Amino acid sequence: MIASKSCDSSPPSEDTATLAELLSKEAEGVHKGSQPLISLKKEILKTICKTNNFKSSTELPLTMIKTYLFDLDDTLIDTSIYARLYPKIISLIERKKTLKGAELDMKAISFGLKKNKFGRWDTGDLCGGLGLLEEYYAELETAIEIESVLHDTVEGIFAKLKKKGMKIGIVSNSMQRTIQAYLTKYKLAKYVDFIFSSEDAGCRKDNDLYWKKLIEKQQLKPQECLMVGDDELEDVQIPAKFGFKTFLIQKPVDLEKVI
Ligand SMILES: [Mg+2]
């Protein structure tokens, strides 16, 4: 990796001249016989770094990225599956625990849960708190088997990243078992180097502690990682504080822009 310190030394005019010279040599093929092209490209990259005066690791260009971190919900998969499952889980809770309406809301709040942007509780967390995880997974894993929720571009992107020698991690608020269920269904486990869930962190991605534990457990250098997700706070603002490069997905097709 090129240290960001090396970007702050030479005056811009010299750097610009060197860059122009290097690009011109590459165009003429001057270096092709005497020096491997890859080495020339590294020199060009260093010069670009100097010319643009990158001051911090979070501003390093994407060519420095070695690990791609993907959010799961609404980044890799369509979470409308949870909307369809919601009434079933709510009725399961009512049947097993005689909880519904305001009483159920109070219980969820007592577990420290918050409704999501669609006005729904996280049914996994809710069932976990109520001791209904097996019943929850019986419903969810059946739904995952039946429904098709993976965004079309995911497998191709994962395959390309692995071909380039990149590491891939799934960084999610979901539980390990949920993430594994999707990776198994869509045969994606072979591309994924690690999974980091809310259970690994003991909290969700909106908490700084999540990112501190992720860095520690996976021995990550944040400046070499690109976090890709759909949530501006959890996938962009908070990880950026720790030096991660970030990419916000606004629609599934945006995923293709990471490669
Ligand atoms: Mg998401």
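Visitor: Where in α3 does a kink lie?

Guide: This is a predicted model, in which local features need pLDDT of at least 70, side-chain atom pairs count only at pLDDT 80 or more, and totals for chains, interfaces and linings use all residues. Residues are numbered from 1 along each chain as its sequence is written. The bend at a residue is the angle between axes fitted to the seven residues ending there and the seven starting there. In α3 a kink of about 40° lies at Tyr 86, shortly before the proline Pro 87. Helices (H or I, at least four residues) and strands (E, at least two) are DSSP runs, numbered from the N terminus.

Visitor: Which residues of α3 are buried?

Guide: A residue is buried if 20 or more other C-beta atoms, placed from the backbone, lie within 10 Å of its own. In α3 these are Tyr 82, Leu 85, Ile 89 and Ile 93. Their cover includes α4 (101-110), α5 (123-130) and α6 (133-146). Just after α3, Thr 98 has a positive phi of about 45°.

Visitor: Are the faces of strand β1 covered or open?

Guide: Both faces of β1 (residues 67-70) are covered, with Thr 67 and Leu 69 buried on one side and Tyr 68 and Phe 70 buried on the other.

Visitor: How many bridges join β1 to β2?

Guide: Two strands pair if DSSP finds at least two bridges between them. Four bridges join β1 to β2 (residues 167-171), and the two run parallel; Phe 70 has Ile 170 as its bridge partner there. Strand β4 (residues 225-229) is also parallel to β1, joined by four bridges, and Thr 67 is partnered with Cys 225 in β4.

Definitions and conventions
A residue is buried if 20 or more other C-beta atoms lie within 10 Å of its own, exposed if 12 or fewer, and partly exposed in between; C-beta atoms are placed from the backbone. Two residues are in contact if their C-beta atoms, placed from the backbone, lie within 7 Å.
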